[in-house]
Amino acid sequence: MKKDNYVIGVDYGTDSVRSIIVNAGSGEEIASSVHYYSRWKKGLYCNAAESQFRQHPLDYVEGLTATITDCLQKAGLQVAENIRAIGIDTTGSTPVAVDASGQPLALNPAFAENPNAMFILWKDHTSVQEAAEINQHATKFETNYLQFVGGIYSSEWFWAKLLHILRTDESVRNACVSWVEHCDWIPFLLTGGKEVANIKRSVCAAGHKGLWAEAFNGYPPNDFFTQLDPLLNGYVDSLGKQAYTSDKSAGNLSVEWAEKLGLSTSVVVAVGAFDAHMGAVGGQIEPYHLSKVMGTSTCDILVAPNADLGEKTVKGICGQVNGSVIPGMLGLEAGQSAFGDTYAWFRELILRPVKQLIAELQILDEQTTAKLEKELSDKLIPYLSQEAAKLPLQADDELALDWFNGRRTPDANQFLTGSLHGLNLGTDAPSIFKSLVEATCFGAKMIVDRFIHEGVPVKGLIGLGGVAKRSPYIMQVMADIMNMPIRIHKSEQTCALGAAMFAATAAGVYTKVEDAMEQMGQGFDAVYEPNAARVLYYQQRYIQYQRAGAFTEANAQKQ
């Protein structure tokens, strides 16, 4: 009897890592496991007031080991013996300084507690000044090296973060040999890589965040970087010129990791990529249908045949890269710096003093207090959603701007901040929550409008991620504001499923990832249709949102 093939998809998120084992023939999920980063959970190495968000590589390594071994235990020996490949996706841009062996500096005891030697998380905005310098510097060159990243370089991206750390930490500067994206380091780790020159850099990370482009035959030249700052000398050469699509193999599982996980060294490890790009594949993206991965932030992915766009470049987005999503097609990326994070901020704004008072009053024992706090935290957003849905829609309702972590697209600007407008003594928590939901959906509409304005049609919307699956109120507001249906993918784990699809392709189970999508895809289980009675209201509110944004941005530039 023919044995089934199985693959593992690993999805590194902001708070946790999840692994799933999937039947490569049917897409059936056999087992799943999640690990919450212990150091991140404690708030270590982060300072939200300074927009500093760092993650220790041990959180990633521990989570990788824990989730895969747990999945294998749940699935059983027969499944474990037939694992063909592992695929990896991560947040991005999340780079780290590494030594000549490709090891993150934080794994060296001398740097174990140094945040600058750790992974610089995607939402870390400590390098806003460096990003501004890169944007100004790029205007001095005949070749427009920013043309394939929307014309604006962001503080969320590779080179701005690298330069900031080199400038601010001499010890890291003296020890590091190169920088590596999280999605490229994990496959390198699993395959037993020992030399930084052997890291297979993904076209996804290199193209969208690192200024790599086929038109440049790789990255911009060394003098582009040294003329910006001599500290950057040689770093571009350490990256190599080649970048790989995620249907390719990064190598086989090393002996060390095969023993640690209980797998065979015949297991193929696919080239990594960013979560939203693999999530779009797991969510069965179609040409010109915008795949919206909605979590702490959003990442919006659109694919189009290369021939359709020709020489066209889209201004103000997060890049357009051949093969970054589906090999052979152009992948276009946009997104919002804060989506679920905006709702989480408001939840904590309400709950933090309540939790502190409950603890100080010592009315309940520690276990009961912890249980109560968790219940409040779990139930607050659903409660606010329920109450916000009951509110009448009025022209002078409270209004918000969603730039609580700056603006990613259109036109990246991390100096911008969120705001609330039209408050009065009658304003209550559901009213503010309603304004925040509308703001995040208005921000999403700005992205769709930019694509359309630049000549790239958006024919439909696909909703993926935790917010899409668990927040009907938010999704209905999104459909009403967009005046477009939004399909919700059935899978709870589209990013991990996409990683599994790439794993199956890299292992040769499928000849191309489109075949893996067709066979392993789980389809859609909900559609939110726009409510015609609310569309006009939101059209008028959208104009108010745009005016408030223009006022805020104009005044931010004056400061």
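**Helix H15 and its setting**

Mentor: The protein has 21 helices and 20 strands. Its radius of gyration is 23 Å, close to the 24 Å that the globule rule gives for 559 residues, so the protein is as compact as a globular protein of that length. The model is a predicted one. Along the principal axes, the C-alpha atoms fill a box of roughly 65 × 60 × 55 Å. Of the 559 residues, 59% count as buried. The accessible surface comes to about 22200 Å², and carbon and sulfur atoms hold 50% of it. Among contacts between residues at least 6 apart in sequence, 73% join residues at least 24 apart.

The part to look at is helix H15, which covers residues 366-390. H15 has 25 residues, and the distance from its first C-alpha to its last is 36 Å, close to the 36 Å expected at 1.5 Å a residue.

Which residues of H15 are buried? They are Thr369, Glu373, Ser377, Leu380, Ile381, Leu384, Ser385 and Ala388. The partners of these buried residues are three helices: H14 (340-361), H16 (429-453) and H18 (472-482).

Just after H7, Gly192 takes a positive phi of about 75°.

Strand E8 spans residues 178-181 and contains Ser178. Ser178 is buried, with a relative accessible area of 0%. Its side chain makes a polar contact of 3.3 Å with the side chain of Arg201. Leaving out residues up to four places away in sequence, Ser178 touches Val96, Ala97, Val98, Val196, Arg201, Tyr235, Ser238 and Leu239.

Tyr528 belongs to strand E20, residues 524-528. At 16% relative accessibility, Tyr528 counts as buried, the cut-off being under 20%. With residues up to four places away in sequence set aside, Tyr528 touches Pro472, Met475, Gln476, Ala479, Met484, Pro485, Ile486 and Ile488. Helix H18, one of the elements against which the buried residues of H15 pack, covers residues 472-482. Tyr528 and Cys299 are 229 residues apart in sequence and 20 Å apart in space, C-alpha to C-alpha.

Asn5 sits in the segment before strand E1 (6-12). Asn5 is partly exposed, at 25% relative accessible area. The side chains of Asn5 and Arg84 are joined by a polar contact of 3.4 Å. Apart from residues up to four places away in sequence, Asn5 touches Val22, Asn23, Ala24, Gly25, Asn82, Arg84 and Val509. Asn5 and Ala504 are 499 residues apart in sequence, while their C-alpha atoms are 8.7 Å apart in space.

Some backbone details remain. Most residues other than glycine have a negative phi, and most peptide bonds are trans. A cis peptide bond joins Gly92 and Ser93, with omega about 5°. Ser93 is in the loop between strand E5 (83-90) and strand E6 (95-98). Another cis peptide bond joins Thr409 and Pro410, with omega about -5°. Pro410 is in the loop between strand E16 (399-401) and strand E17 (419-421). Asp411 lies in the loop between E16 and E17 as well, and has a positive phi of about 65° although it is not a glycine. Asp411 is partly exposed, with a relative accessible area of 24%. Leu211, also not a glycine, has a positive phi of about 70°. Leu211 is found in the loop between helix H8 (203-209) and helix H9 (222-228), and at 2% relative accessibility Leu211 counts as buried.

Technical notes:
Residues are numbered from 1 along each chain as its sequence is written. This is a predicted model: local features need pLDDT of at least 70, side-chain atom pairs count only at pLDDT 80 or more; totals for chains, interfaces and linings use all residues. Side-chain values use heavy atoms; hydrogens and water are left out. Helices (H or I, at least four residues) and strands (E, at least two) are DSSP runs, numbered from the N terminus. The expected span of a helix is 1.5 Å times one less than its number of residues. Buried means under 20% relative accessible area, exposed over 50%, partly exposed in between (1.4 Å probe, protein chains only). Contact means heavy atoms within 4.5 Å. The radius of gyration is taken over C-alpha atoms; the globule rule is 2.2 Å times the number of residues to the power 0.38. Accessible areas come from the Shrake-Rupley method with a 1.4 Å probe; for residues, only the protein chains shown count as cover. A polar contact is a pair of N or O atoms within 3.5 Å; within protein, one must be able to donate a hydrogen and the other to accept it, and residues adjacent in sequence count only if both atoms are side-chain atoms.
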